[in-house]
Amino acid sequence: MGFPKDFIWGAATASYQIEGAAYEDGKGLSIWDVFCRRPGAVFEGHTGDVACDHYHRFREDVALMKELGIKAYRFSISWPRILPEGTGRINEKGMKFYEELAEELLQAGITPYATLFHWDYPYALYKRGGWLNPESPIWFEEYVRIVAERLGDKIHHFFTFNEPQCFIGMGFNGKEHAPNLPCSNQDLLQMAHNVLLAHGRAVKILRDTIPHCMVGYAPTGSSFYPATEKPEDIEAARLATFSAGKESWPGGIPWWSDPVLLGQYPEDGLKAMKEDMPSIAPGDMELIAQPLDFYGQNIYNSRPVESDGNGSWRLVPLPAGYPRTAIDWPITPECLYWLPKFLYERYKTPILITENGMSCHDAVSLDGKVHDPNRIDFLHRYLRNLRRASEEGVKVCGYFQWSFMDNFEWCRGYDERFGMVYVDYTTQKRTPKDSFYDYREIIRSNGESL
Ligand code: FCB
């Protein structure tokens, strides 16, 4: 059986991680531009000032994507590049970049999938209170309306937010992400609600402006898989994945996905958060739960659990010396079977894997090539699990590998290499890795080569 014939094989990137040109052509500051200048915030003081210089080299990069054979490319639009103050004045040069990028992709036969927000929040709006300001969903809607009006003739596929768990959770609770502004739980929950309202407004304005557009969401979240396939362990994993108690906030799935797909916050979460909840106005939950065409999920790993024998679950420790990636994330291919299955059961919306991939200790070898057998093995293991889900009836419509090329990995700077294309940051030379050619064959054979 294998993958469906029209399966969308893709690759993903994000604006701040690849574009560079941080101070060029009238772009406004983002919170990441500012965060990177804080001593100690990012590994060895790296910044996204130049990154992969994609802003100037996008034609070369799209030519490589064409050679790779991807059918779709997921990238993000930098809000402050096109609206330097976050609202109001449009920066025409920034807009032109995305028009030309979309055009180039279409000419290469690659469908553009644009993420509207992948963390580079306009610094000007941050100074006005950012996601805490009650106007923040309206600011986002204005930005999305401009994107839709100006790019909607070329781009028909959109994701609203990438990983709200991270930009809210790790930016305002954890310290690893911009703006690193620890705040009260009450404020966190208010920001989360505003982000969800912004999502709803964005979906509406996209549909009102671009007929036949396709819209989704790209969250992540901690998830669990059953240590064995005994029914009670499967149920334990399902329970753990969708539990919304204090231990899963703000990194869990249901707090961020139930409102969007089911129109309500999870009950156990509401109980746990009751003292800190923001007020929810009439109509808010309806606005948040706009119908979506696909449900995106970024999936890298999960934890095994088993039944505790009392209707609940307990973690099963990974074995000593368990396989892990260069960034130290465990390699758990099972997650690409179980999580899409659980998500499809709960949300009944076609699934797109919006990110999955691996950081390796890649280097250019004496033969001038980049040999990355670990990444190839990772890909095959994960994709076989995804194929199983698809064969068993989970509607999985596509897979975007993270990442098309090595890039700026947030607070870890250029220390992690997630790409299928190696980037030498001194010369900006691109070298396709062995996994690039392997993925090309996976795409060509629609997964038969796995
Ligand atoms: C995800 C992010 C993406 C990238 C990968 C490795 O959490 O969405 O930008 O950093 O992790």
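Glutamate 416 sits in the loop between strand S11 (396-402) and strand S12 (421-424), where helices (H or I, at least four residues) and strands (E, at least two) are DSSP runs, numbered from the N terminus. This is a predicted model, in which local features need pLDDT of at least 70 and side-chain atom pairs count only at pLDDT 80 or more, while totals for chains, interfaces and linings use all residues. Residues are numbered from 1 along each chain as its sequence is written, and side-chain values use heavy atoms, with hydrogens and water left out.

- Is glutamate 416 buried or exposed? Glutamate 416 counts as buried because its relative accessibility is 6%, given that buried means under 20% relative accessible area, exposed over 50%, and partly exposed in between (1.4 Å probe, protein chains only).
- The side chain of glutamate 416 is joined to that of serine 359 by a polar contact of 2.5 Å; a polar contact is a pair of N or O atoms within 3.5 Å, where within protein one must be able to donate a hydrogen and the other to accept it, and residues adjacent in sequence count only if both atoms are side-chain atoms.
- When residues up to four places away in sequence are not counted, glutamate 416 touches Ala326, Ile327, Ser359, Asn407 and Glu409, contact meaning heavy atoms within 4.5 Å.
- Glutamate 416 also meets the side chain of arginine 412 in a salt bridge (3.9 Å, N to O), and arginine 412 counts as partly exposed because its relative accessibility is 33%.

**Salt bridges elsewhere**

- Side chains of opposite charge can pair when their charged atoms come close.
- The structure holds 32 salt bridges, a salt bridge being a side-chain nitrogen of Lys or Arg within 4 Å of a carboxyl oxygen of Asp or Glu.
- Arginine 37 forms a salt bridge with aspartate 49, and the closest N and O atoms of the pair are 2.6 Å apart.
- This pair links distant parts of the chain, 12 residues apart, with both arginine 37 and aspartate 49 in the loop between helix H2 (31-35) and helix H3 (54-68).
- Arginine 37 counts as partly exposed because its relative accessibility is 44%.
- Arginine 381 forms a salt bridge with aspartate 377, again with the closest N and O atoms 2.6 Å apart.
- Why are arginine 381 and aspartate 377 separated by about one helical turn? The reason is that the two residues are 4 residues apart in helix H15 (residues 373-391).
- Arginine 381 is partly exposed, with a relative accessible area of 45%, and aspartate 377 counts as partly exposed at 37% relative accessibility.

**Another residue of helix H15**

- Asparagine 385 lies in helix H15 and is buried, with a relative accessible area of 17%.
- Leaving out residues up to four places away in sequence, asparagine 385 touches Pro333, Glu334, Leu336 and Tyr337.

- The axes of helix H7 (residues 136-151) and helix H9 (residues 185-209) come within 8 Å and cross at roughly 25 degrees, where axes are lines fitted to C-alpha atoms, for helices over the stretch in contact, and angles run from 0 to 180 degrees between N-to-C directions.
- H7 and H9 are therefore roughly parallel to each other, since angles under 35 degrees count as roughly parallel, over 145 as roughly antiparallel, 65 to 115 as roughly perpendicular and the rest as oblique.
- The crossing of H7 and H9 is right-handed; a crossing is left-handed if the near helix is turned anticlockwise from the far one by less than a right angle, and right-handed if clockwise.
- Among the residues that make this contact are Phe140, Val144 and Ala148 of H7, together with Leu197, Arg201 and Ile205 of H9.

**Backbone features**

- Alanine 178 and proline 179 are joined by a cis peptide bond with omega about 0 degrees, and proline 179 is placed in the loop between helix H8 (164-172) and H9.
- The peptide bond from tryptophan 402 to serine 403 is cis as well, with omega near 10 degrees, and serine 403 belongs to the loop between S11 and S12.
- Alanine 21, in the loop between helix H1 (15-18) and H2, has a phi near 45 degrees, which is a positive value in a residue other than glycine.
- Alanine 21 counts as buried because its relative accessibility is 3%.
- Glutamate 163, in the loop between strand S4 (157-162) and H8, has a positive phi of about 45 degrees although it is not a glycine, and glutamate 163 is buried, with a relative accessible area of 7%.
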